[in-house]
Amino acid sequence: TFDGKRFDFEGDCEYVLVQNYCGQQGMNQGTFRVITENIPCGTTGTTCSKSIKVFLGVSIFFSKLYSGLIDGHSDVIQRTPGGKMPFQIRSMGIYLVVDTTVGLILMWDKKTGIFIKLSPSFQGHICGLCGNYDGNGNNDFTTRSQSVVGNVLEFANSWKVSSSCPNANRTKDPCTANPYRKAWAQKQCSIITSEVFAKCHSQVEPNEYYQACVDDACACDTGGDCECFCTAVAAYAQACNELDICISWRTPSICPLFCDYYN
């Protein structure tokens, strides 16, 4: 969450990631909403984002995030009648960046990773799966009905968009379900705790990212194995980069980028 609370949730539905339609005003007072559509992408119940929808007043931005782990695309599917669009789309390295006029920035790696940044003016005024951004991670599990709960399933299920979707249940540990992948996943993900990222370890705790990487690498068992691993490592590298610690971790054999293409 924005306040640093980590949790795993494998729901097969559309969910509100973040919005400022909160509190008593509900649907009537707000400027943006970000929704993720999650679908199964492994045999253990793991889900990946199929699409991200950004609602800005009457404008909608749509990103294809997951479809057999092929490269995604983006489309504006509804435009504001007349006037200037309330967002700008640009490329930044491997990321597609959506800059909005309301104080929301969305970064997408065109595959399975997404980062959302908000203006400090939204602190304490948002809700959804990303928490309330009030500086206190202890109350981030606030449901749609504004009650703070301790159970991640109760919290996350409350933010599904359609009541017709079944509530998600806890999924089996992917490395237990796919024991043949465990050793490979641990070996690949150990780059996070290795000397490669040594100068970042004291600033960003690596073990939580390592465990998330292992879980994802074990879970992605229907194709896109390396994609899930690379996205997980890139998430740690991005967290380091946020603190101005730039790690050159990609190699020709580990999650290479085709620099000439991106340049």
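Which residue forms a salt bridge with Arg90? Keeping in mind that this is a predicted model, I looked up the pair and found that the partner is Asp99, with the closest N and O atoms 2.6 Å apart. I then checked how accessible each side is: Arg90 is partly exposed, at a relative accessible area of 35%, whereas Asp99, at 17%, is buried.

Entry on the other charged pairs. Glu14 and Lys53 meet through their side chains in a salt bridge, at 2.9 Å from N to O. Because Glu14 lies in strand 1 (residues 14–19) and Lys53 in strand 3 (residues 47–56), this pair ties together parts that are 39 residues apart in sequence. Lys53 has 21% relative accessibility and counts as partly exposed.

I next looked up Lys117, which forms a salt bridge with Glu242, the closest N and O atoms being 2.5 Å apart. Here Lys117 belongs to strand 9 (residues 114–118) and Glu242 to helix 6 (residues 225–242), so the pair ties together parts that are 125 residues apart in sequence. Both ends are partly exposed, Lys117 with a relative accessible area of 28% and Glu242 with 45%. I note as background that side chains of opposite charge can pair when their charged atoms come close.

Entry on strand 1. I returned to this strand and found that five of its six residues are buried, so strand 1 is largely enclosed by the rest of the structure. It runs antiparallel to strand 2 (residues 32–40), to which five bridges join it, and I noted that Tyr15 has Thr36 in strand 2 as its bridge partner.

Entry on the nonpolar cores. The largest nonpolar core has 37 residues, and those with the most contacts inside it are Leu17, Val18, Phe32, Val34, Leu104 and Leu118. Among the elements that give two or more residues to this core are strand 1, strand 2, strand 3 and helix 1 (152–157).

Key. Residues numbered from 1 in each chain as written. Predicted model: local features only at pLDDT ≥ 70, side-chain atom pairs only at ≥ 80, totals over all residues. Heavy atoms only, no water. Salt bridge = Lys/Arg side-chain N within 4 Å of Asp/Glu carboxyl O. Helix = DSSP H or I, 4+ residues; strand = E, 2+ residues; numbered from the N terminus. Buried < 20%, exposed > 50% of the residue type's maximum accessible area, 1.4 Å probe, protein only. Pairing = 2+ DSSP bridges. Core = buried A, V, L, I, M, F, W, Y, C linked by side-chain atoms within 4.5 Å.
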